[in-house]
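Let's take a walk through this protein together. Have the sequence and the 3D view open, and find each residue as we get to it.

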Amino acid sequence: MTGALTIILGFASYAFVALAMFRLLKINYFNPIVKLFATYLEPISKSIFFFLNPLLAALALALLLKFVSFYLAYSSGYEPLTLFYISVIDVINSCFRILFYCVIGSVILSWVAPGNNHPLLQIVEEMSDGVLKPIRKFVPPMGGLDFTPIIGLMVLNLINTSFIQIISSFV
């Protein structure tokens, strides 16, 4: 029973991380998938963390759900503060992992199905554009090749590793 609850809380945490990423990158609200997340998940996060803006409320609820799932799974072996730090690391890592796979997915989609109108593929494109747009200002396409995804993936990994090392130093 505890294992199933831990898995459900983990998935719910990922859903709120995705909602936060939609908010952060200003993904098209009229996309049916984004609208589904905003319609059903945002009222939950805003009712619990009513004093925060919707982005921070979604991140705070994702952190809370991740902490509770870790506490249920590992409460006998770790202190709650350690589990909190691990939860913070996992939520931050989840954000960067979503962005990382969106950039990879966008590169693959540009080869396989450019201009596809599927809502999920539009989310992948918009999220990767949110990551790569600042890089494209400094690195123009060279000879028809776009090197910004490679640079974007390296920057995402660098920032993710730096955050994890900084937070891990507190543990």
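What you're looking at is a predicted model, where local features need pLDDT of at least 70 and side-chain atom pairs count only at pLDDT 80 or more, while totals for chains, interfaces and linings use all residues. Residues are numbered from 1 along each chain as its sequence is written, and side-chain values use heavy atoms, leaving out hydrogens and water.

Start with helix H7, which covers residues 148-168. The expected span of a helix is 1.5 Å times one less than its number of residues. Now, which residues of H7 are buried? They are Thr148, Pro149, Gly152, Leu153, Leu156, Asn160 and Ile167. Look down the axis of H7 and these buried residues fall within an arc of 135 degrees, so they line one face of the helix.

Let's hop over to H5 and pick out Val91. Val91 counts as buried because its relative accessibility is 7%. Leaving aside residues up to four places away in sequence, Val91 touches Ser13, Val17, Leu59, Ala62, Leu63 and Lys66. Ser75, on the other hand, is 16 residues from Val91 in sequence and 19 Å away in space, C-alpha to C-alpha. Lys66 turns up again elsewhere: its charged end sits over the ring of Tyr14, 4.3 Å from the ring centre. For that label, NZ of Lys or CZ of Arg must be within 6 Å of the ring centre and within 35 degrees of the ring normal.

What about the cysteines? A disulfide is a pair of cysteine sulfur atoms within 2.5 Å, and the count here comes to 0. Cys95 is buried because its relative accessibility is 13%, and Cys102 is buried at 9%.

Last stop, the aromatic rings. Rings of Phe, Tyr and Trp (its six-membered ring) pair if their centres lie within 6.5 Å; planes under 30 degrees apart are stacked, over 60 edge-to-face, and the rest tilted. The whole structure has 11 such pairs. In one of them, the rings of Tyr29 and Phe30 have centres 6.0 Å apart and planes at 75 degrees, so the pair is edge-to-face. Phe96 and Phe163 also have ring centres 6.0 Å apart, but their planes are at 40 degrees, so this pair is tilted. Phe96 lies in H5 and Phe163 in H7, so the pair ties together parts that are 67 residues apart in sequence. Finally, Phe67, Tyr71, Phe84 and Tyr85 form one aromatic cluster.

Technical notes. Helix = DSSP H or I, 4+ residues; strand = E, 2+ residues; numbered from the N terminus. Buried < 20%, exposed > 50% of the residue type's maximum accessible area, 1.4 Å probe, protein only. Arc of directions from axis to C-beta. Contact = heavy atoms within 4.5 Å.
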